[in-house]
Amino acid sequence: MFVEALNFNPMFDLLNKYPNNGSFEFKSTDSLSNVCNAPKNKSGVYIVYAVKGHTKYLIYIGCSGLEDNGEIKLRKGGMCGRLVNGKQFEKARKHSWSNKVIEKSLDNLVIEWWDTEDDFPEIVEFCLILEYILVNKRLPEWNTILSLKESLRSQCENFIQDNNIQALMN
């Protein structure tokens, strides 16, 4: 049983609408390529939790898949490729996450992922980070910026209304 270190429940109710989801654990001695079970042919969002002892806390919210001329552009290798080969801390995650787990004396990371289907992953990620900030008054530890490209702003407002995300509504 884990103690949740920051207040993030019942945040992220939005994710309940996505039935294709999963999770996996990563330890510093693991190969991220071997333990990652995120789809290689889907786009979506993922949340990374740090685990230390009986404490589990959210440290990162990310996405895979970009808006390109009104369509979702699948990244090479899908969500799995983004999680394994995407850069974070100036290196591919398959290298940098091992270093961070050791540096922070963590037991492991827990990664939860969701296929966002026809919803733009960038919009879903933006809404999740906004919800997190509203509750915790800061970005997740490993997120360095909150941004949404101009071309998605009006769609984001519609997404918030259509999905009745109360925390983000006027």
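A residue is called buried when its relative accessible area is under 20%, exposed when it is over 50%, and partly exposed in between (1.4 Å probe, protein chains only). Glu67 is buried, with a relative accessible area of 14%. The model is predicted, so local features need pLDDT of at least 70 and side-chain atom pairs count only at pLDDT 80 or more, while totals for chains, interfaces and linings use all residues. Residues are numbered from 1 along each chain as its sequence is written, and side-chain values use heavy atoms, with hydrogens and water left out.

Salt bridges were examined next. Side chains of opposite charge can pair when their charged atoms come close. A salt bridge is a side-chain nitrogen of Lys or Arg within 4 Å of a carboxyl oxygen of Asp or Glu. The structure holds seven of them. One of these salt bridges joins Glu67 and Lys149, with N and O 3.6 Å apart. This pair links distant parts of the chain, 82 residues apart. Glu67 sits in strand 5 (residues 66-68), and Lys149 in the loop between helix 4 and helix 5. Helices (H or I, at least four residues) and strands (E, at least two) are DSSP runs, numbered from the N terminus. Helix 5 spans 153-162. Lys149 is partly exposed, at 33% relative accessibility. The C-alpha atoms of Lys149 and Pro39 are separated by 25 Å, and these two residues are 110 apart along the chain.

Lys100 pairs with Glu103, and their closest N and O atoms are 3.2 Å apart. The two residues are three apart in the helix, which is about one turn. Lys100 counts as buried at 15% relative accessibility. Glu103 counts as exposed at 54%. A further salt bridge connects Lys104 and Glu141 (2.9 Å, N to O). Lys104 lies in the loop between helix 3 and strand 9, and Glu141 in the loop between helix 4 and helix 5, so the pair ties together parts 37 residues apart in sequence. Lys104 is partly exposed at 32% relative accessibility. Glu141 is also partly exposed, at 38%. Shared partners join Glu67, Glu122 and Lys149 into one network of salt bridges.

In helix 2 (residues 78-85), six of the eight residues are buried, so the helix is largely enclosed by the rest of the structure. The buried residues are Gly78, Met79, Cys80, Gly81, Leu83 and Val84. In helix 3 (residues 93-103), the buried residues are Arg93, Ser96, Trp97, Ser98, Lys100 and Val101.

Asp115 lies in strand 9 (residues 108-115). Asp115 is buried yet has no salt bridge. Here Lys and Arg count as positive and Asp and Glu as negative, while His and the chain ends are not counted. The nearest side chain of opposite charge is Lys42, 4.2 Å away. A polar atom of the Asp115 side chain lies 2.8 Å from the backbone nitrogen of Glu117.

Backbone angles came next. Most residues other than glycine have a negative phi, and most peptide bonds are trans. Glu117 is not a glycine, yet its phi is positive, about 55°. Glu117 lies in the loop between strand 9 and helix 4. Glu117 is partly exposed, with a relative accessible area of 41%. Asn69 also has a positive phi, near 55°. Asn69 lies in the loop between strand 5 and strand 6 (71-73). Asn69 is exposed, with a relative accessible area of 74%. Ser105, which follows helix 3, has a positive phi near 55°.

Finally, pockets were located on a 1 Å grid over the protein atoms alone. A pocket is an open set of points where a 1.4 Å probe fits, with protein on both sides within 12 Å along at least five of seven lines. Lining residues have an atom within 4 Å of a point. Grid points are joined across faces, edges and corners, and a volume is the space filled by probe spheres set on the points. The largest pocket has a volume of about 440 Å³. Of its 24 lining residues, the closest to the centre are Tyr60, Arg82, Glu125, Asn143 and Ile145. Strand 4 (55-64), strand 7 (87-88) and helix 4 (121-136) each supply at least two lining residues. The lining has 12 nonpolar, five polar and seven charged residues. Ala, Val, Leu, Ile, Met, Phe, Trp, Tyr, Cys and Pro count as nonpolar, Asp, Glu, Lys and Arg as charged, and the others, Gly among them, as polar.

Key:
Polar contact = N/O pair within 3.5 Å; in protein donor to acceptor, adjacent residues only side chain to side chain.
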